[in-house]
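This report is written for a reader who is meeting the structure for the first time.

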Amino acid sequence: MRAKITYLVTAAVLVFYFVLVGSRGVMLIQSGTLLTVTFGVAVLILPVIGIWFLWKNTQFVRRANQLAAELEAEGGLPVDELRRTPDGRIDRDSADEVFARRRAETEAAPDDWRSWFRLAVAYHDARDTPRARRTMQRAIALYDGRHIPA
């Protein structure tokens, strides 16, 4: 729940920033000189890119949560079996052990979105966020019936 609130607050701040920057871009364009119009257009490109990025991230999170809900309904969510350090962090060796099992499961069933989802969670637990994201994207694609070559 805390992650959702943080995401929503960050998204709201970004949207406010995009509106503020966009209004400055419009003001520059309204000035009418070649230089200010050029800068105004350049300034308007930034919020467009930001909104696109925010939209794509929101879609990704929504789809990943949808897969998690379905997997939970099936009783297939990975159980948290990781050891923790005294300060609550995940023990690296424990994460590596779970990752090895999840990877073997995925290699045994490469077309099953459920195994890719669990592997993405293992990547995340091992603190490999870029691979976790790519693996979750593969799980989403397989869930949607799209095959992504390895």
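In this predicted model, helix α1 (residues 2-31) packs with helix α2 (residues 34-74) at an angle of about 160°, and their axes lie 7 Å apart. That angle is over 145 degrees, the cut-off for the term, which makes α1 roughly antiparallel to α2. The crossing in which α1 passes α2 is left-handed.

| Helix pair | Angle | Distance between axes |
|---|---|---|
| α1 and α2 | about 160° | 7 Å |
| α4 and α5 | about 165° | 8 Å |

The angle of about 165° between α4 and α5 (residues 129-143) therefore makes these helices roughly antiparallel to each other, and their crossing is left-handed. On the α4 side the residues that meet α5 are Trp113, Trp116, Phe117, Leu119, Ala120, Tyr123 and His124, while on the α5 side they are Arg131, Ala132, Thr135, Met136, Arg138, Ala139, Leu142 and Tyr143.

Helix α4 (113-125) also has the buried residues of α3 packed against it. Helix α3 (residues 92-108) has 17 residues and reaches 24 Å from its first C-alpha to its last, which is close to the 24 Å expected at 1.5 Å a residue. Which residues of α3 are buried? They are Ser94, Ala95, Val98, Phe99, Arg102 and Thr106, and because they cover an arc of only 130° around the axis, they lie on the same side of α3. An α-helix has 3.6 residues a turn, so residues three or four places apart point the same way. Turned away from that buried side is a face of α3 that carries the exposed residues Glu107 and Ala108.

Thr106 has a relative accessible area of 4%, and, leaving aside residues up to four places away in sequence, Thr106 touches Ser115, Trp116 and Leu119. Of these contacts, Trp116 and Leu119 are also among the α4 residues that meet α5.

Technical notes
Residues are numbered from 1 along each chain as its sequence is written. This is a predicted model: local features need pLDDT of at least 70, side-chain atom pairs count only at pLDDT 80 or more; totals for chains, interfaces and linings use all residues. Side-chain values use heavy atoms; hydrogens and water are left out. Helices (H or I, at least four residues) and strands (E, at least two) are DSSP runs, numbered from the N terminus. The expected span of a helix is 1.5 Å times one less than its number of residues. Buried means under 20% relative accessible area, exposed over 50%, partly exposed in between (1.4 Å probe, protein chains only). The arc is that of the directions from the helix axis to the C-beta atoms. Contact means heavy atoms within 4.5 Å. Axes are lines fitted to C-alpha atoms, for helices over the stretch in contact, and angles run from 0 to 180 degrees between N-to-C directions. Angles under 35 degrees count as roughly parallel, over 145 as roughly antiparallel, 65 to 115 as roughly perpendicular and the rest as oblique. A crossing is left-handed if the near helix is turned anticlockwise from the far one by less than a right angle, and right-handed if clockwise.
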